[in-house]
Structure formats: structure tokens, C-alpha cells
Amino acid sequence: MPRFPFGIPNGWFLLAYSEDLARGAVKRMQYLARELVAFRGETGAVVGDTLRCPFHCWRWDGQGACAEIPYAKRIPAGARAEAFPVRERNGMIFVWHDAQGRAPSWEIPDLPVWHDADWLTPWLRYEWTVKTRLQEMAENGVYA
């Protein structure tokens, strides 16, 4: 196995900030070496409601199951899209990645103070483009 590029480690990854995915919004992104679509349903849930394919008009739920084919009487059992476990915690939306497709092995804590308006303001964000993998950042970013 070559040293670079590294594989993607198992764990939770920040997908978006909650404020960046409005109710009813669809956001296309490249993440975890894939093209993904994140959506927030009309009810406001990150996982919930359905997403409609603009070409075929099939509807998919947040777990990847086909929920509707408008011109078909039944939905084929194998009609599925790949879906990842998602959690919205502390003003952020996370996606779980596991190389073997296993369920999350731990949960992200919900900070009670996050919901206290007197405690803080929204996250401060900075963005850089660095051509490396997360492991390189972790290994080379620690100072003694």
C-alpha cells in the first residue's frame, strides 16, 4: 500500500454547519472521495422527508431507500442509493464513514451549553486549501 494518498479513517466527519443547510435545501459536494448530496427536508430534519431525482423523478429517503417512483406500481426491492449515518450536533452536521460499512461505534456528544443563547455565538470559521490528508495534518500539527 502506498504511503500517499492515505485511506480515509473511520469516524465522524464535519459535513456542513447547520446554518449552511436551510430547510428544503439540497447541497451537492465532494466528500469522502465521493460525490454526495446533503439535504434537509421540509420538516427541518437532516435525515427525513425525501429527495427527488430531477431526471427520473424517483424519490429517495435519508436512509437511501427508494420511497416513490411516480410512474410505477411497485418499487423494486433493490432500488437503493448509498446513504451514510448523519448526526446534527452543536450547530454542525456530521457524516459517519467506515471502510467496512459498519454502523457508528460511538456518538458525538450533544453539548447542553450549545443551546444556551447566553453562552456563545455561532462558530467562527476559517478555510484553507491544503493538499494533504487528515492524518498528515494530525501527525505534523502537534507541538511539544
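Start with the largest pocket and select Tyr31, Trp128, Val130, Thr132 and Leu134, which lie nearest its centre among the 23 residues that line it. This is a predicted model, in which local features need pLDDT of at least 70, side-chain atom pairs count only at pLDDT 80 or more, and totals for chains, interfaces and linings use all residues. Residues are numbered from 1 along each chain as its sequence is written, and side-chain values use heavy atoms, with hydrogens and water left out.

A pocket here is an open set of points on a 1 Å grid over the protein atoms alone, where a 1.4 Å probe fits, with protein on both sides within 12 Å along at least five of seven lines; lining residues have an atom within 4 Å of a point. Helices (H or I, at least four residues) and strands (E, at least two) are DSSP runs, numbered from the N terminus.

Next, select Val37, Phe39, Leu51, Glu82 and Ala83, which lie nearest the centre of the second largest pocket, lined by 24 residues. Strand 3 gives the most to this lining, with 6 residues. The volume of the second largest pocket is about 570 Å³, and its lining holds 17 nonpolar, 2 polar and 5 charged residues.

Now turn to the aromatic rings. Rings of Phe, Tyr and Trp (its six-membered ring) pair if their centres lie within 6.5 Å; planes under 30 degrees apart count as stacked, over 60 as edge-to-face and the rest as tilted. There are 4 aromatic pairs. Select Trp12 and Trp96: their ring centres are 5.3 Å apart and their planes stand at 65°, so the pair is edge-to-face. Trp12 is in strand 1 (residues 11-17) and Trp96 in strand 8 (residues 92-97), 84 residues apart.

Finally, select Arg125, which lies over the face of Tyr17, 4.3 Å from the ring centre; the rule asks for CZ of Arg or NZ of Lys within 6 Å of the ring centre and within 35 degrees of the ring normal.

Definitions and conventions
Grid points are joined across faces, edges and corners, and a volume is the space filled by probe spheres set on the points. Ala, Val, Leu, Ile, Met, Phe, Trp, Tyr, Cys and Pro count as nonpolar, Asp, Glu, Lys and Arg as charged, and the others, Gly among them, as polar.
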